[in-house]
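Hello,

Here is the structure I said I would pass on. Please have it open while you read the notes below.

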Amino acid sequence: MSPDLELLECYEAIARTSDEMLRAAQSGDWRQFEKLKNDCAQLIAQQRVRAASVKLAPDQQRLRLAALRRVLMADAQIRHLTEPEMHRVGVVLGLTPSGPPAS
């Protein structure tokens, strides 16, 4: 496989893993969520190495951006699901003032 296609596949794999992370968060499967988060971190490290030496054509850039949009959408939804819990943890640990989480 050519370097540009490997890079695009890496972006797609990150997007798929982000989608899986969202599904795990939605179902409350935090063990699976953590596993997928680690998988995603490894994919991102691979992507950084590949991206340093590959120039994508305009049509490939559009595919890259579509994958990145999926990642950002999944991330926003994951944050929406996890922020109330993170707020509760912060209150318990004394790191966050009590009261409802900021919106």
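Read from the N terminus, the elements of the protein run α-α-α. The protein has three helices and zero strands. Keep in mind that this is a predicted model.

Some totals come next. The protein has 103 residues, and 27% of them count as buried. Its accessible surface comes to about 7200 Å², and carbon and sulfur atoms hold 58% of that. Among contacts with a separation of 6 or more, 69% are between residues 24 or more positions apart.

Now the inside. The largest nonpolar core has 20 residues, and those that touch the most other members are Leu7, Ile14, Met21, Phe33, Leu56 and Ile78. Helix H1 (3-27), helix H2 (30-51) and H3 each give two or more residues to this core. The largest share, 10 residues, comes from H1.

Apart from its neighbours within four places in sequence, Ile14 is in contact with Cys40, Leu43, Ile44, Gln47 and Val71.

The other is Ser18, which lies in helix H1. Is Ser18 buried or exposed? Its relative accessible area is 6%, and buried means under 20%, so Ser18 is buried. With neighbours within four places in sequence again left aside, Ser18 is in contact with Cys40, Val71, Ala74 and Ile78.

Next, a residue with an intermediate value. Leu65 lies in helix H3, which covers residues 58-93. Leu65 has a relative accessible area of 36%; this falls between the cut-offs of 20% and 50%, so Leu65 is partly exposed. Leu65 and Tyr11 are 54 residues apart in sequence, while their C-alpha atoms are 9.0 Å apart in space.

Last, the surface. Which residues form a nonpolar patch there? They are Val92, Leu93 and Leu95, and together they have about 370 Å² of accessible area. Leu95 lies in the segment after H3. Its relative accessibility is 67%, and exposed means over 50%, so Leu95 counts as exposed.

For a first look, I would colour the three helices, then show the side chains of Ser18, which is buried, and Leu95, which is exposed.

Regards

Technical notes: Residues numbered from 1 in each chain as written. Predicted model: local features only at pLDDT ≥ 70, side-chain atom pairs only at ≥ 80, totals over all residues. Heavy atoms only, no water. Helix = DSSP H or I, 4+ residues; strand = E, 2+ residues; numbered from the N terminus. Buried < 20%, exposed > 50% of the residue type's maximum accessible area, 1.4 Å probe, protein only. Contact = heavy atoms within 4.5 Å. Areas by Shrake-Rupley, 256 points an atom, 1.4 Å probe, with all protein chains shown as cover. Core = buried A, V, L, I, M, F, W, Y, C linked by side-chain atoms within 4.5 Å. Patch = residues over 30% accessible without salt bridge, like charges linked within 9 Å, V, L, I, M, F, W, Y side chains within 5 Å. Salt bridge = Lys/Arg side-chain N within 4 Å of Asp/Glu carboxyl O.
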